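Please open the model in a viewer and keep the selection panel at hand.

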Amino acid sequence: MTDEVTARAGQVLGQAMAFQPAKLVLAGVRLGLFAALAEGPLPEEGLRERLELGRRGCDHFLAALAELGFLERTADGAWANARVSEQLLVPGDPASLSGFLQLADRVMYPAWDRLAEGLRSEEPQAATYSGEDMFDQLYDSEEKKDGLVRMAEDASRPLIPALAEVFDWASYGSVLELGGCRGNVLAGLVGAHPHLEARVFDLPQLEEDFDAHMAALGTTGKLGFHGGDFFAGPLPEADVLMLGHALVDWNDDQRAQLVKNAFAGVRPGGAFLVWDPVIVPGEESYLRNLLRSLNLQLMTPHGKGYTLAQCTGWMHDAGFARVEHRSLGHDVTLVIAHKGG
């Protein structure tokens, strides 16, 4: 082979076999490796005993994670979490991604193994539910509900500071979050803008979880909960309605209907805020959000990514007068639709 072909072969293999380093990190989370090392460095033998690991391959597993930047060696040869693992992979930390990664390992990874089947059938490949009523089924199981809630909060938590800053909240008095789950995003928003009258609108099955979470955060009484289905009947009114990481869960007809329902609920002069991994050609996030779109097809009965132009069209068709967008970071775009006064 020529040098050019050899280089291309290495690139192709690197991309095609990228599941191997991915699984290293997911296995570390599943085994409790990063949680164990959060208590302090341990030698390999101590880790094997603590995590019930065999001798074969353990040394190379740890060395590979170190090469990826997730572990470090101490002066006496023990293993320790690298700073990135301390910040993002230790369960219980507010910034931890461990809940998201545990669900990704358990649900997403097997579904991606069936990508070819999913592209042929157009059917979801996740083994967590069947039929069309995904959320009702997931919320009827405490284990599945908890996993979905942790995953959603891990994904939205890094966006809260930017969401609190890039929109003119001082000009509005009330906010209703559609699909707001346990109220984690709204709690952060109200912490930054305490003048807001804030309510979550989500399925009634989540009200008990909402109450418990508000008590844990010390925000009981500062936020309200309204149970319902945002596709059925009129929505409660507010100056601002918002929907995060959720418009992607539905097909285009459902999205258009949901935007129309939101328009009716936004008071004159108010706004509707949507944030998602919107597909924007030419942006650095373009490929990553195409992959997220395929993930939605594998995980949901209706979901698929959408472009900024599509979203803008749904907003204008519903009656919103002006549409703008801002980046929230983390490949997420905030779309702001303004309603006339």
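A contact here means heavy atoms within 4.5 Å. This is a predicted model, in which local features need pLDDT of at least 70, side-chain atom pairs count only at pLDDT 80 or more, and totals for chains, interfaces and linings use all residues. Residues are numbered from 1 along each chain as its sequence is written, and side-chain values use heavy atoms, with hydrogens and water left out.

Select Arg255 in helix H14 (residues 252–265); helices are DSSP runs of H or I with at least four residues, strands are E runs of at least two, and both are numbered from the N terminus. Arg255 is buried, at 2% relative accessible area, where buried means under 20% (1.4 Å probe, protein chains only). Leaving aside residues up to four places away in sequence, Arg255 touches Leu247, Val248, Trp250, Lys304, Gly305, Tyr306 and Trp314.

Next, select Trp169, Met242, Leu273 and Trp275, which have the most contacts inside the largest nonpolar core, a set of 33 residues. Such a core joins buried Ala, Val, Leu, Ile, Met, Phe, Trp, Tyr and Cys residues through side-chain atoms within 4.5 Å. Among the elements that each supply at least two residues of this core are strand E4 (197–202) and strand E7 (266–276), while H12 gives the most, with five residues. Apart from this core lies another, of 31 residues, including Val259 and Cys311.

Finally, turn to the lining of the second largest pocket, whose residues divide into five nonpolar, eight polar and six charged. Nonpolar covers Ala, Val, Leu, Ile, Met, Phe, Trp, Tyr, Cys and Pro; charged covers Asp, Glu, Lys and Arg; the others, Gly among them, are polar.

Definitions and conventions. Buried < 20%, exposed > 50% of the residue type's maximum accessible area, 1.4 Å probe, protein only.
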